[in-house]
Amino acid sequence: MNDNLKLCLGLVVASSIGIPVLAAQAQEDFIYEEITVTATKREQTLQEIPVAVSVTNAETMEKAQILDVLDLQTVVPSLRVTQLQTSGNTNFLIRGFGNGANNPGIEPSVGVFIDGVYRSRSAAALSDLPNLERVEVLRGPQSTLFGKNASAGVISVITALPRQELGGSAKLTVGNYGQTIVKGEISGPLSDTAGFGLSVNSNQRDGYFDNLEDGSTFNERDRWGVRGQFSMIPTDSLSLRVIADYDEIDELCCGVGNLINGPTGAVVVGVGGNLVPENVFSDSGYLNLNPRNEVENSGISLQADFDLANSLITSITAVRNVSRVEDADVDFTSADIVGSNFSDTDIDTFTQELRWSSTGGENLDWMIGAFFFSEDVSYDTSLNYGSDARLYADLLAGQISGTGLPGSLATLEAALGGLPPVFFADGTGVVENAGQDNTALSIFGQIDWFLNDRTTVTLGLNYTQDEKDAFVRQPVNTDAFAAVDFVQVGFGQIFSTLTGGQPPTPANFAMFPAQFGQAQALSTVPCSATTGPACNPLLSFQSVQVLLPFVDYPNAVENGNSDDSEVTWTARIAFDVSDDVNIYASAATGFKATSWNLSRDSRPFPMDIAAIESGGLSVPNLVSGTRFAGPEESTVYEIGLKARFAKGAVNLAIFDQTIEGFQSNIFTGLGFNLANAGEQSATGFEFDGTFYPTENWQMTLAGTWMDPVFDSFVGASGVTGPVDLSGTQPPGIHELSVAASATYSNYFSNGMEGFIRADYLYEDDIRTNENVPASAGRREVSVLNASFGISTESGWDVIVWGRNLTDDRYLLSSAPVPFQEGSFLGYGNQPLTYGVTVGKEF
């Protein structure tokens with residue numbers, strides 16, 4: 001046991017002694033309000049359930065003015081939500097674990113469920129839901145009950161059922177940057193046994209990132225949605241709930257700042273381009289193409305609950321679709337180097353869950369069930385060079401050749417047989433067609449055995465089988481420069497030099513065997529200060545070869561199929577120290593199946609290169625990489641304490657969590673390096689407390705402290721190439737995160753109610769990405785939010801709010817700049833925003 005774990009254990013032991021005393025001595029002035037959760041797919045109170053779970057209810061979200069899912073992390077310190085280069089690329093992390101953005105072949109490690117329906121991609125979970133009841137964040141592996149892709153945790157969103165009497169609400173928010181949010185909902189009975197609900201929302205805001213090239217603004221909000229539900233209780237034992245939803249996003253997003261302006265920055269200026277150098281929080285840049293982000297998300301679900309007196313059968317059936325069309329200026333300058341980077345993604349998903357659980361067992365509660373998942377992914381992409389690409393590449397080639405002047409490309413074209421000017425020609429590039437078919441089945445069961453009135457033992461098992469058939473094809477690659485084999489071309493030139501001008505022909509190879517062998521050896525030697533002329537000067541041009549030829553798969557060597565299966569389990573013992581204090585100890589495992597790299601950076605594994613070459617499948621400049629990352633397997637050991645008393649509640653947890661084979665997906669410029677980290681772990685301590693010092697005051701304090709580490713990660717993507725990150729702190733994971741809030745509420749004699757609230761989030765300093773210099777790509781968060789409002793007896797509400805009041809600026813993420821070696825970019829957070837929300841209940 002390490003020193004950190006001993007310290008955390010000591011805190012919980014001390015708390016288990018002191019908190020019961022505190023609870024016993026608490027004055028019964030008023031009662032702490034219980035919160036109901038369904039984290040274990042049963043209704044339990046937050047303080048009774050022996051699971052590490054955070055709950056944010058509708059009242060908190062309203063008073064804190066949590067406007068979308070990105071704001072949720074300000075009240076849940078173990079949760080981190082990061083929006084990356086497009087509106088649909090949003091990443092969820094719990095306790096520092098999670099991935100799933102940027103590559104449609106990768107499903108998240110954090111499972112997102114909305115009203116029990118699994119959302120397989122983060123873009124399908126960004127809807128603004130106007131009628132929320134609560135959001136539950138389950139920390140640690142949850143694969144036993146939630147199946148696939150819950151190896152890091154679960155976010156469960158629960159919306160309200162229709163009202164028993166006709167009613168509704170309307171809300172209007174206006175804020176800076178021209179923000180206008182409209183939300184409305186109505187629900188009520190259709191008969192004694194049926195009800196309905198309808199909600200609509202619109203969220204519009206001007207951008208705060210200025211494109212200095214044409215005066216447009218990025219990082220705007222332009223999204224809307226509609227959602228309807230129908231509920232029915234046709235018999236005393238049967239209830240039905242149908243939910244249908246549709247929403248759209250059509251935004252200019254996302255602004256990118258320059259972190260490090262490398263040597264290519266001068267070349268950008270040399271072709272007539274411009275950029276804002278090394279001022280990532282200037283909220284401005286120069287781009288000749290405005291980004292395109294169009295997301296459509298829709299679905300319908302049916303939940304049926306059949307009460308069998310002593311047990312309950314639940315069925316949840318859902319069909320969903322997510323489509324995304326995106327384009328961006330990925331050179332992030334006003335120079336037309338990369339003309340377009342287009343992608344069109346379409347994902348169709350069908351899910352079916354069926355479970356049978358006991359209700360009100362005296363000695364035993366049980367649950368068995370199955371979950372079926374079927375999904376079809378289509379992903380079409382293209383990247384084309386712009387009108388400035390040839391001059392830009394020519395100037396880079398001039399730097400490489402030592403002249404510093406354009407003309408190197410024409411010289412190369414002439415040396416290759418008098419080619420026309422085809423290298424980096426305007427409009428040349430690549431087209432890829434990729435896709436994936438995925439079917440999965442989980443069978444699960446769990447029992448809660450009540451040993452006595454105070455002790456419960458929980459055992460659960462899950463068997464998951466997951467099969468995927470993936471493909472990536474590149475029907476078009478007109479990047480002629482990337483297809484040039486500079487080893488072979490250099491060999492020919494060296495051979496001719498060594499033989500006094502003889503051409504490299506088989507006859508001459510036989511005539512000059514010594515020169516042939518010498519030329520072969522020198523053709524792979526890069527030139528440097530120590531080699532002198534004994535080298536291949538053309539190898540330097542390999543750094544400008546961007547869109548290398550691609551080996552399509554499946555092929556005779558690579559079948560594009562993965563078929564994974566795993567048994568995961570949960571074991572837990574919970575003990576009620578008193579009616580208000582319980583402790584628990586648990587162990588659980590999680591599983592996430594193989595993820596396929598559907599980006600243009602998908603490459604054959606090193607062990608397949610020989611077979612590909614011998615099978616006649618090779619292409620010029622064939623390099624190895626990865627096609628997929630194998631399964632993730634997580635394990636967590638946890639000790640926790642939950643206590644409630646008249647004026648509040650305290651929850652503590654110690655955890656030791658490990659993920660073997662963590663699926664790392666790192667942006668490398670124009671593609672992604674998908675690989676398994678050997679092992680990543682974190683030992684930590686979590687605290688979540690609510691205190692009511694008086695009837696008017698509510699105070700909360702929540703924090704996560706942990707010691708994350710790559711136990712083993714060889715071959716990770718570093719700043720200048722592969723590195724060994726073993727023993728280092730994983731980038732993007734904070735050791736300390738703290739969220740605190742204070743709310744003062746008062747009821748006036750005229751029936752009005754008022755409140756004032758402030759909340760604060762702190763996350764300590766970290767490195768954001770392993771392939772960005774640590775000195776530049778760092779992140780530290782210190783955000784203060786506040787609001788105050790009044791409510792009237794007639795149903796009117798007015799809330800004045802501000803988020804990030806100190807205008808704290810920090811990085812969300814960072815990455816290398818495509819086609820600009822030595823330059824790095826960063827995504828900054830949202831600046832200070834404020835506004836007024838007016839609502840009416842009716």
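## Contacts along the chain

In this predicted model, 68% of the chain's contacts with a separation of 6 or more are between residues 24 or more positions apart. S191 sits in the loop between β11 (179-189) and β12 (194-205). Its relative accessibility is 37%, so S191 counts as partly exposed.

A second pair, L522 and F748, is 226 residues apart along the chain, and the C-alpha atoms of the two are separated by 88 Å. L522 belongs to helix α9 and has a relative accessibility of 17%, under the 20% limit, so it counts as buried. Leaving aside residues up to four places away in sequence, L522 touches I494, A534, C535 and N536.

## Confidence of the prediction

The mean pLDDT of the chain is 89, and 94% of the residues reach 70 or more. Residues 4-28 are a stretch where pLDDT stays under 50. For this stretch the model has 38 contacts beyond four places in sequence. Where pLDDT is low, predicted coordinates should not be read in detail.

## Overall form

The chain contains ten helices and 41 strands. Its radius of gyration is 29 Å, close to the 28 Å that the globule rule gives for 842 residues, and the chain is therefore as compact as a globular protein of that length. Taken along the principal axes, the box filled by the C-alpha atoms is roughly 100 × 55 × 55 Å.

## Surface and charge

How much of the chain is buried? Of its 842 residues, 55% count as buried. The chain exposes about 32800 Å², and carbon and sulfur atoms supply 57% of that area.

The chain carries 42 positive and 101 negative charges. The mean position of the positive charges and that of the negative charges are 3 Å apart.

## Backbone features in loops

Two cis peptide bonds may be examined in the model. One runs from C253 to C254, with omega near 15°. C254 is found in the loop between β16 (238-251) and β17 (257-260). Another joins Y553 and P554, where omega is about 5°. P554 is placed in the loop between α9 (513-522) and β25 (561-576); helix α9 is also the element that holds L522.

Positive phi values are found at F332 and F424, neither of which is a glycine. For F332, phi is about 55°, and this residue lies in the loop between β20 (311-327) and β21 (338-358). For F424, phi is near 55°. The loop that holds F424 runs between α6 (408-415) and β23 (429-450). Is F424 buried or exposed? With a relative accessible area of 1%, F424 is buried.

Notes
Residues numbered from 1 in each chain as written. Predicted model: local features only at pLDDT ≥ 70, side-chain atom pairs only at ≥ 80, totals over all residues. Heavy atoms only, no water. pLDDT = per-residue confidence, 0-100. Contact = heavy atoms within 4.5 Å. Helix = DSSP H or I, 4+ residues; strand = E, 2+ residues; numbered from the N terminus. Rg over C-alpha atoms; globule rule 2.2 N^0.38 Å. Buried < 20%, exposed > 50% of the residue type's maximum accessible area, 1.4 Å probe, protein only. Areas by Shrake-Rupley, 256 points an atom, 1.4 Å probe, with all protein chains shown as cover. Lys, Arg positive; Asp, Glu negative; His and termini not counted. Charge placed at Lys NZ, Arg CZ, Asp CG, Glu CD.
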